[in-house]
Amino acid sequence: MPVTPAVAKPEELFDRVHEWNALSGFVSQQRQAATLGLVYGRRRQGKTFLLSQLARATGGFMFTAAQQAADQNLAALSIAYHQFTGQSPAQFAGWPDAIDGLLRLGERAPVTVVLDEFSYLLDSVDGIASHLQIALEPHHRGGSSQARLILCGSAMTTMRNVLGGTAPLRGRASLELLVHPLGYRDAAVFWGARDPELAFRINALVGGTPAYPAMSETAPHTLAEFDDWVADRLLNPASVMFHEGDVLLRQQTEIADPALYFSVLAAISRGAHRRSEIANALGRPDTALGHPLAVLESVRLIDRADDALRRQRPSYRIAEPLIRFHQLVIVGNDAAFALRQGERVWQSKADTVSSKIYGPHLEQLAREWTQAHAAEQTVGGWPNQVRSAVVACREHGQGHEVDVVAMREEPFEPRRVLAIGEVKATAKPVGETELHRLRHVRDLLPGNVTPEPVRLLLFSRAGFTPALRRLAAEDPGVELVGLDRLYHGE
């Protein structure tokens, strides 16, 4: 049964059930001491709105730092603090005094205290983490305060380092919450896209970032409106969405050489998924890519996953759809966009969009569906790992790529492959050929990972042929998953 949060979730807050429950539990804990929480995630994910709703619902205090000098932020905090307490305006003597004042808010009862954009304070206030460490000590203010202090920021690496290594606050936090983009099903509701095909297309281009509907100003409500919307809102230089794919990377403080990182993202977007393939596309030794790949993964612009059946064979995929759209559709067409020819660019990129955007995106949604939404009877159990794989085949002299491999992995036990799947995003319905291929691949799986019959999943954007539907009806080990089931079924 769903958990009822200690603090009721506001109606204005869409989804974010997991995040709200975690925050509600944190601020409601009955502990006679100050506690520390960390919330972080990429920009535009709704962190500030989430925490402002939490502060409002609990009668707490929230201060959002600005990218300015430490003294300026201290002055602004002093004003906000004294407005909140109703005291006569007075300037805090320094940041230790300000932190002491924040903890004093919780002297009589638990109180939510949020410092938003904390990474700005880390950059400008010398020793602020150490000041917090000292203040939170039981023999200092932290022992007599019940403040529930939440530090929030968008500089992913910077915020993670707050609790890492030898950092002053390591081991101090009882909450570490990463705010993700919306899942594809929730994103469809948020965009108001009831048609699964329309929802899929929108998600393939712009993903699940909550700020994007407002930044787009309008949203397509039917498939007939989709192409015009893309040309007018995503491919119009006057729209902020046109520049977002570029801004997403440049706003990452961890990135010192954007040109190299853009090159890596371009190579992955075009289909170079192995490290050696990326290196070859860039004309660099693959030893030179370790750091940029690690940084892009840490800021959640790419994902890294091992082959499901062979370890130490990682592949890289774009995690933020708008980055892929920017690299494949916008980059290189400056002259056309200067002449406001966005519609013409979109038409010219139809094949690229189909093969490099819609295809990979449907594969990712199929893996997400298998992991998060498919019923156990559909997959043959509960998979705790869903990845892709390449299965060797002597008969054909090459490996067969498998889009979905659902596995159950337990410590000290053999891996179990529960199901394998094939994904097709083309306009042609999937037929018997794909099922025969999947059965052939199943026969090639290592015996030590298939103690039970492996189920077969066929995913299609355009549906299935009558012949395939008949075969699937005769075989209980075959599941057909179209867009309707992907968005609404299990």
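**Close-up 1. Where helix α9 meets helix α11.** On the α9 side, E197, L198, R201, I202, L205 and V206 make contact (heavy atoms within 4.5 Å) with L223, F226, W229, V230 and L234 of α11. Sorted by class, that's nine nonpolar residues, two charged and no polar ones; here Ala, Val, Leu, Ile, Met, Phe, Trp, Tyr, Cys and Pro count as nonpolar, Asp, Glu, Lys and Arg as charged, and the others, Gly among them, as polar. Keep in mind that this is a predicted model, where local features need pLDDT of at least 70, side-chain atom pairs count only at pLDDT 80 or more, and totals for chains, interfaces and linings use all residues. Residues are numbered from 1 along each chain as its sequence is written, and side-chain values use heavy atoms, leaving out hydrogens and water.

**Close-up 2. How α9 and α11 line up.** Helix α9 (residues 196-206) packs against helix α11 (residues 223-234) at about 20°, with the axes 10 Å apart. Axes are lines fitted to C-alpha atoms, for helices over the stretch in contact, and angles run from 0 to 180 degrees between N-to-C directions. The two helices are therefore roughly parallel (angles under 35 degrees).

**Close-up 3. Strand β4, covered on both faces.** Seven of the seven residues of β4 (residues 147-153) are buried, so this strand is largely enclosed by the rest of the structure; buried means under 20% relative accessible area (1.4 Å probe, protein chains only). One side carries A147, L149, L151 and G153, the other R148, I150 and C152.

**Close-up 4. The partners of β4.** Strand β1 (residues 35-40) pairs with β4 in the parallel sense over six bridges (pairing takes at least two DSSP bridges). Strand β3 (residues 111-116) also runs parallel to β4, joined by five bridges. L149 in β4 stands opposite L36 and is the bridge partner of V113.

Technical notes
Helices (H or I, at least four residues) and strands (E, at least two) are DSSP runs, numbered from the N terminus. Angles under 35 degrees count as roughly parallel, over 145 as roughly antiparallel, 65 to 115 as roughly perpendicular and the rest as oblique. Buried means under 20% relative accessible area, exposed over 50%, partly exposed in between (1.4 Å probe, protein chains only).
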